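Subject: Structure for your files

Hello,

Please find the structure below, followed by notes on what turned up in it. Read them with the sequence open beside you.

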Amino acid sequence: MNVQDSTLHHPAPGEVEHLLLDRGSMFLQRMSAVAAQAAAEADEVDRQARFPKAAIDAARQQKLLGMQIPVEFGGFGASVQDIAEVCYTLGRACASTAMIFAMHQTKVACLVRHGRGNAHIEALMRRIASEQLLLASSTTEGQNGGNIRASAAAISQSGDEITLLRDATVISYGAEADGLVTIARRADDAAASDQVLLALTVDDYSLKPTLGWETLGMRGTCSKGFELKVHCPADRVFPESYDRIHVQTMTPFAHLTWSSAWAGVAAAAVQRAQRFIRKAARSAGGQMPPAAAHFTAAKMSLAKFRAMISTNMDAFIAREYDERALSSLDFQSSITLLKVEASELAVETVMRAMRACGLSGYRNDGEFTIGRHLRDVLSAPIMINNDRILANVSTSSLMSAVPTSLHD
């Protein structure tokens, strides 16, 4: 299917012109203001495992929660590149804030790219732009271990109303969100993989806490468990089936924004290592300390990390409104494995930065501490477990041809 046939929204010329108008300085100023607030409360957010309210309030004030909403619905029409850049900048300040922003924008992307023609979703987009609503995500369920392509809970419909009862073992910042996007089986007799996506506001559901959030890192995401009880009009269901949304939008946006957030955390650790090595060299009369080798390795690892994100970003943008290209085996394998490779590389980069700082990086009470950064990125390989992803993609990888040249 070509771009004209696709249900994905292709931006109009007016939107593109608005987007290009002083985009760089506008978003730079806005995200810098939010990052400054995120950095100021990052240690406290981590210690208390509390929601980064001041940072998210700053994002609201700077209208970044609605930055992706199309101009015609009141937003800035920001691109995935713009969003990823904000995730990277916030990651350097506070990993939890960056991940909250990434998850929110992934859900907004589903609305923007698949919700047109649905009056409720279009109204919700306008509200996100005007009221700066924060959307949470409910994809993990029961004991499914993050397998979001299989749902246990099913929608029940009676007339124009639907109900849903879901054992949502993780809803990040669920208690603080203004709405959420969740997955469910289409009906009681539907297969686990026959899923639909719902866009809800707080009036459509109730949450009953079931699990707490006392974790090693990413503590500010407040990813608690809830019993999710939904009773709302049927128009909350997306018009497209979830399998298409998952391939075309959910996976690419999630993996690109998550990776960018993790890269930001890694960059912050590398920057601290750089400051440590410079200080040590000055104290030694210009002689580089032995740990400088670890800093070099960390810097190279970060460069590889950023290049990997850039390559996958370019690949997505080249196919963004072409449904057939987005669904291709090669692209899906690459964008899926981005999460695996990025999460492993994030841990590797931060560990190298910590080794460059030695005890000063290991300590929690000094200017060169990297403890919080390491604890936060350790969540990356287990956030939708890498082992599950690799097992799921192994069959498709076998079917994909091995390149015969460097430029295939």
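Helices (H or I, at least four residues) and strands (E, at least two) are DSSP runs, numbered from the N terminus. This is a predicted model, in which local features need pLDDT of at least 70, side-chain atom pairs count only at pLDDT 80 or more, and totals for chains, interfaces and linings use all residues. Residues are numbered from 1 along each chain as its sequence is written, and side-chain values use heavy atoms, with hydrogens and water left out.

Backbone angles

Gln132 sits in the loop between α6 (119-131) and β1 (135-138). Its phi is near 55 degrees, a positive value in a residue other than glycine. With a relative accessible area of 3%, Gln132 is buried (buried means under 20% relative accessible area, exposed over 50%, and partly exposed in between, using a 1.4 Å probe and protein chains only).

Ala49 is not a glycine either, yet has a positive phi of about 50 degrees. Ala49 belongs to the loop between α2 (23-48) and α3 (53-61). Ala49 counts as buried because its relative accessible area is 18%.

Aromatic pairs

Rings of Phe, Tyr and Trp (the six-membered ring for Trp) pair if their centres lie within 6.5 Å; planes under 30 degrees apart count as stacked, over 60 as edge-to-face, and the rest as tilted. This rule gives 5 aromatic pairs. One of them is edge-to-face: Phe253 and Phe316, at 5.6 Å centre to centre with 85 degrees between the planes. Phe253 is in helix α7 (residues 242-283) and Phe316 in helix α8 (residues 292-319), so this pair ties together parts that are 63 residues apart in sequence. Phe253 is buried at 3% relative accessibility, and Phe316 is buried at 0%.

Trp258 and Trp262 make a tilted pair, with 6.3 Å from centre to centre and 50 degrees between the planes. Both lie in helix α7, 4 residues apart, which is about one turn of the helix. Trp258 is buried, with a relative accessible area of 9%; for Trp262, also buried, the value is 0%.

Ring pairs also link Phe253, Phe316 and Phe331 into a cluster.

Leu211

Leu211 is part of strand β6 (residues 205-211). At 47% relative accessible area, Leu211 is partly exposed. Which residues does Leu211 contact, leaving aside neighbours within four places in sequence? They are Thr169, Lys224 and Gly225, where contact means heavy atoms within 4.5 Å. The C-alpha atoms of Leu211 and Val170 are 8.1 Å apart, although 41 residues separate the two along the chain.

Regards
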